[in-house]
Amino acid sequence: MDKNTKIVFISSTGGHLSELLQLSEMFGHCDYHIVSEKTPSNAKMVNDYPKGRVSMLGYGTKAHLFSYIFIFAFNCIKSLYLYLKWKPDYVITTGTHTAVPLCKIMHHFHKKVIWIETMANATTGTKAGEMIYPIADLFIVQWESMLKVYPNAVYGGWIF
């Protein structure tokens with residue numbers, strides 16, 4: 001990887017984002033952008049990284065299904081906008097639903113999709129992981145037991 005390699009690191013807020021930020025050592029070796037959800041806990045992230053390196057998507061949960069449908073639609077459109085603006089070579093994600101639209105867009109444009117399934121699941125897959133597994137160029141699991149769920153995945157051990 002060289003400084004000209006464009007990578008988008010994307011995840012939902014909370015534990016997924018904490019896992020993703022464990023990869024921050026890579027940021028200095030590529031042209032990177034970070035995408036997560038706009039929440040009070042993520043607000044300072046915009047100041048933690050150089051200007052223009054962080055973008056926020058709408059935050060929604062399936063617990064509020066009606067509003068989630070509109071937020072998810074907005075996130076799909078914004079993900080396409082971000083793809084067209086940055087033209088990344090890779091997307092690296094620790095999930096979940098927030099990352100699905102960008103992963104699908106990247107796959108459509110024949111770019112590389114790297115999915116790291118969350119360490120929170122040791123025996124069952126996530127819905128988002130199940131959607132991306134068939135199209136991922138590299139699907140990494142953090143528990144060896146997850147190879148039973150995703151047989152073509154690569155066991156990478158824990159990020160932490």
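Reply: Helices (H or I, at least four residues) and strands (E, at least two) are DSSP runs, numbered from the N terminus. This is a predicted model: local features need pLDDT of at least 70, side-chain atom pairs count only at pLDDT 80 or more, and totals for chains, interfaces and linings use all residues. Residues are numbered from 1 along each chain as its sequence is written, and side-chain values use heavy atoms, with hydrogens and water left out.

Me: In what order do the elements of the chain run from the N terminus?
Reply: The secondary structure comes to five helices and seven strands. From the N terminus on, the order is β-α-β-α-β-α-β-α-β-α-β-β.

Me: What is the radius of gyration of the chain, and what does the globule rule give for 160 residues?
Reply: The radius is taken over C-alpha atoms, and the rule is 2.2 Å times the number of residues to the power 0.38. The two values are close, so the chain is as compact as a globular protein of that length. Along its principal axes the C-alpha trace spans about 45 × 40 × 30 Å. The radius of gyration is 15 Å, and the rule gives 15 Å.

Me: What percentage of the 160 residues count as buried?
Reply: Buried means under 20% relative accessible area, exposed over 50%, and partly exposed in between (1.4 Å probe, protein chains only). By that cut-off, the buried share of the chain is 49%.

Me: Among contacts between residues at least 6 apart in sequence, what percentage join residues at least 24 apart?
Reply: Contact means heavy atoms within 4.5 Å. Of the contacts in the chain between residues at least 6 apart, those joining residues at least 24 apart make up 50%.

Me: How far apart do the centres of the positive and negative side chains lie?
Reply: Lys and Arg count as positive and Asp and Glu as negative; His and the chain ends are not counted. Each charge is placed at NZ of Lys, CZ of Arg, CG of Asp or CD of Glu. The chain has 15 positive and 11 negative side chains, and the centres of the two sets are separated by 9 Å.

Me: Which elements do the buried residues of α4 pack against?
Reply: Helix α4 covers residues 100-108. Its buried residues are Val 100, Pro 101, Leu 102, Cys 103, Ile 105 and Met 106. They pack against β1, α3 (65-86), β4 (90-95), β5 (112-116) and α5 (127-132).

Me: Is His 110 buried or exposed?
Reply: His 110 follows α4 and sits in the loop between α4 and β5. Its phi is positive, about 60 degrees, although it is not a glycine. Most residues other than glycine have a negative phi. With a relative accessible area of 73%, His 110 is exposed.

Me: What is the relative accessible area of Lys 87?
Reply: Lys 87 lies in the loop between α3 and β4. Its phi is near 50 degrees, a positive value in a residue other than glycine. Lys 87 counts as exposed, because its relative accessible area is 52%.

Me: Which side chain does that of Thr 13 join in a polar contact?
Reply: Thr 13 lies in the loop between β1 (6-11) and α1 (15-20), and it is buried because its relative accessibility is 18%. A polar contact is a pair of N or O atoms within 3.5 Å; within protein, one must be able to donate a hydrogen and the other to accept it, and residues adjacent in sequence count only if both atoms are side-chain atoms. At 3.1 Å, the partner of the Thr 13 side chain is that of Asn 42.

Me: Leaving aside neighbours within four places in sequence, which residues is Thr 39 in contact with?
Reply: Thr 39 lies in the loop between β2 (31-37) and α2 (45-48). Thr 39 is buried, with a relative accessible area of 11%. Beyond those sequence neighbours, Thr 39 is in contact with Thr 13 and Tyr 59.

Me: Which residue's backbone oxygen lies 2.9 Å from a polar atom of the Asn 121 side chain?
Reply: Asn 121 lies in the loop between β5 and α5. Asn 121 is buried, at 18% relative accessibility. Leaving aside neighbours within four places in sequence, it is in contact with Thr 126, Trp 143 and Met 146. The backbone oxygen at 2.9 Å belongs to Thr 124.
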